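Dear colleague,

Please find below the structure that I am passing on to you. My notes on what was found in it follow directly after.

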Amino acid sequence: MKYRPSRRTRRFGIGAAAITVLAGMNGPALYRFSSDKYHAYKINQPEYKAENGHWDVVDVPQQYRINTIHAALLHTGKVLLVAGSGNNAKNFAAKSFRSVLWDPEKNTFTNIPTPKDLFCSGHSQLPDGKLLVAGGTQRYEKLKGDVEKAGGLMFVHNEDPDKPKTLPAGTRFTGKESGKTFVSKDPLLVPRATKKTNPKTKKVTVSASTARVYVEALRKGRKYQTGTEDNYRIAGLKGKDRQNFYGIAQKLSFDKKDFQGIKMAYEFDPVAERYIPVDPMNEARWYPTLTGLQDGKVLAVSGLDEIGQVVPGKNEIYDPKTKKWKYLPKKRFFPTYPALFLTGKGRIFYTGSNAGYGPDDKGRTPGIWDLKSNRFDVVPGISDPDALETSMSVLLPPAQDQRYMVLGGGGVGEDATSTAKTRIADLRADKPRFRNGPELYAKARYPSSVILPDDTVLTTNGSGDYRGRGDTNVLKAELYTPKANTARPVADPLVGRNYHSGALLLPDGRVMTFGSDSLFGDKANTKPGEFQQQIDLYTPPYLFRDSRPKLTDTAPRTVKPGGKSTYGTAHPSAITRMRLIRPGSFTHVTNVEQRSIALDFTRTKDGVTVTLPKDASLVPPGWYMLNAVDDQGTPSKAVWVKVPAPAPPKK
């Protein structure tokens, strides 16, 4: 007799089959769910944290969330977050410019009135603790298909040697040949002409002066563009001014219009918590680098000018005493946001790292630049030299070793090329050259590197393609140990961070990460990206140990170069290193401020006495974080030390 299963057995079998089918259909989702649960469990275990560190999200109230483009740690322990218009053309048009001051210890926030669009400015720490912020955005770029009015560059000449003239925004220029009228977008100062007298013949020669301004057609439409050079009459002039002042322009068309910079500069006062205007720069700059010098002055280099061209090698110095700018006597060209570090001999080391704009065959070779003579000594040997744009550069700790690392990077512009190379140059060598370090965790543009008090370097994030295109954000981080020349992976970041992202060391030893401006939001590049406003905190492994040294007598104090200062601590015998760390100022893979200086020290019965180096080019004037590090590599919380500018040499 043939077997026939009972009704109950059939019901059970059908149910079991259904469960099997459902399990098969939902298996991947169930696997992901269980994997995510296990990962969340794993990364929160004490053993894992002690080995890899831990990430947390900062609770930022909605009214303080901004597109953080720039961030700088101030000597008050607070962090200035700067968006300006935040790479948002609507904000720019509405003149909605944002800065927020964040207190990491209390997790409180304050909105700071922001006078101009400081988006894509440069910044540097000043000797008195203020933050110099210079440059920013005068006008957003317009791609070729988005340009509605013909426009371009107008050269305005003055043949009068006796007087300059300011032409207001809205000045009209009408072509003598074309009859077409264009309007200036900004006010323009046209200097007086130069007059020279030949001492022998007494003949007077007058040379016309030249100034530049961006102009646009009065109306929309292609019929208002021009195709050839033309001379332009300037409306509103009378008498001899009508002959002495005139414009000359080449083709005024619908070509792509690049971003344009501003000349304005400000000092942000951490105590008053406000921007204070100072004299404007001589050049408008968008994407400039500001580098602090050994005498407390600040070097400003590169950037896009007021008509959207890379500043042609005209570099200048800011004096915080006079609040004024002065040109360097000789020119040197760099692409925008060049990584320029003050070296141990008072010269400038250009690592080759840069971000954004400039020809691919000019100003990209690494080397040592002498500001006084303008001499530039090439440092050869860098690998993947065509992938230095959007790379990160860092002065490896301790700063006395004068070893610089360049990490990752990509091709010029929107090139999809990226690299995992790290390259190290030792400037103490007789003939410095780059040599490869350990490979980065992935091919990455826009990685962020931060020097830690235990002489390691945390590097995190980046993307494999331009602005994370193709869903290429890298969710990895590593700790590099310079002494061993090795790197190891640590806890993965929580979110992707590429263009317009960065990271800073905080006084308590944690690291904040901010920003990210992905071009697209999906792998197929069909969905527009959204700015990552989340701020995260990375707690390094050294903060998950049982004990931590503590410095007492922590009131901020001033210690001169070569001077001594004593701090109390409970276990002086356990202290093995003392480090003086300059607070960071980060934007666009550029943080030339950060450096960690090894201090000589002696142990006392109940403390340590530190001695600062005398070399002001090793310890440029300003505020620093002082950390004691014990025999387990655990740093104390930082105490603040002010290093004054050295006395000027006696004449």
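Strand 49 (residues 639–643) is mostly covered, with four of its five residues buried; buried means under 20% relative accessible area, exposed over 50%, and partly exposed in between (1.4 Å probe, protein chains only). Helices (H or I, at least four residues) and strands (E, at least two) are DSSP runs, numbered from the N terminus. This is a predicted model, in which local features need pLDDT of at least 70 and side-chain atom pairs count only at pLDDT 80 or more, while totals for chains, interfaces and linings use all residues. Residues are numbered from 1 along each chain as its sequence is written, and side-chain values use heavy atoms, with hydrogens and water left out.

Strand 49 has a parallel neighbour in strand 41 (residues 557–558), to which two bridges join it; two strands pair if DSSP finds at least two bridges between them. Within that pair, Thr558 stands opposite Lys642. Strand 48 (residues 622–630) pairs with strand 49 in the antiparallel sense, over five bridges, and Gly622 has Val643 as its bridge partner.

An open sheet is formed by four strands in the order 26-27-28-29, with antiparallel pairing. Strand 26 (340–342) and strand 29 (376–378) are at its edges with a single partner strand each, so one side of each has no neighbour in the sheet. From one strand to the next the twist averages 25°, taken between N-to-C directions on a scale from 0 to 180 degrees, with axes as lines fitted to C-alpha atoms. Three bridges hold the antiparallel pair of strand 26 and strand 27 (residues 348–350), where Phe341 is opposite Phe349.

Phe97, in the loop between helix 3 (89–93) and strand 4 (98–103), has a relative accessible area of 15%. The C-alpha atoms of Phe97 and Gly84 are 4.2 Å apart, although 13 residues separate them along the chain. Ser418 is in the loop between strand 31 (403–407) and strand 32 (422–426), with a relative accessible area of 13%. A polar atom of the Ser418 side chain lies 2.8 Å from the backbone oxygen of Gly464.

As for charged pairs, the count comes to 28 salt bridges, each being a side-chain nitrogen of Lys or Arg within 4 Å of a carboxyl oxygen of Asp or Glu. One of them joins Glu51 and Arg488, with the closest N and O atoms 3.6 Å apart. This pair links distant parts of the chain, since Glu51 is in helix 2 (residues 46–52) and Arg488 in strand 37 (residues 486–489), 437 residues apart. Glu51 is partly exposed at 45%, as is Arg488 at 31% relative accessibility.

Arg579 and Asp455 form another salt bridge, at 2.8 Å between the closest N and O atoms. Arg579 lies in strand 43 (residues 575–582) and Asp455 in the loop between strand 34 (448–451) and strand 35 (457–460), so the pair ties together parts 124 residues apart in sequence. Arg579 is buried at 8% relative accessible area, and Asp455 is buried at 12% relative accessibility.

With kind regards

Note on methods:
Polar contact = N/O pair within 3.5 Å; in protein donor to acceptor, adjacent residues only side chain to side chain.
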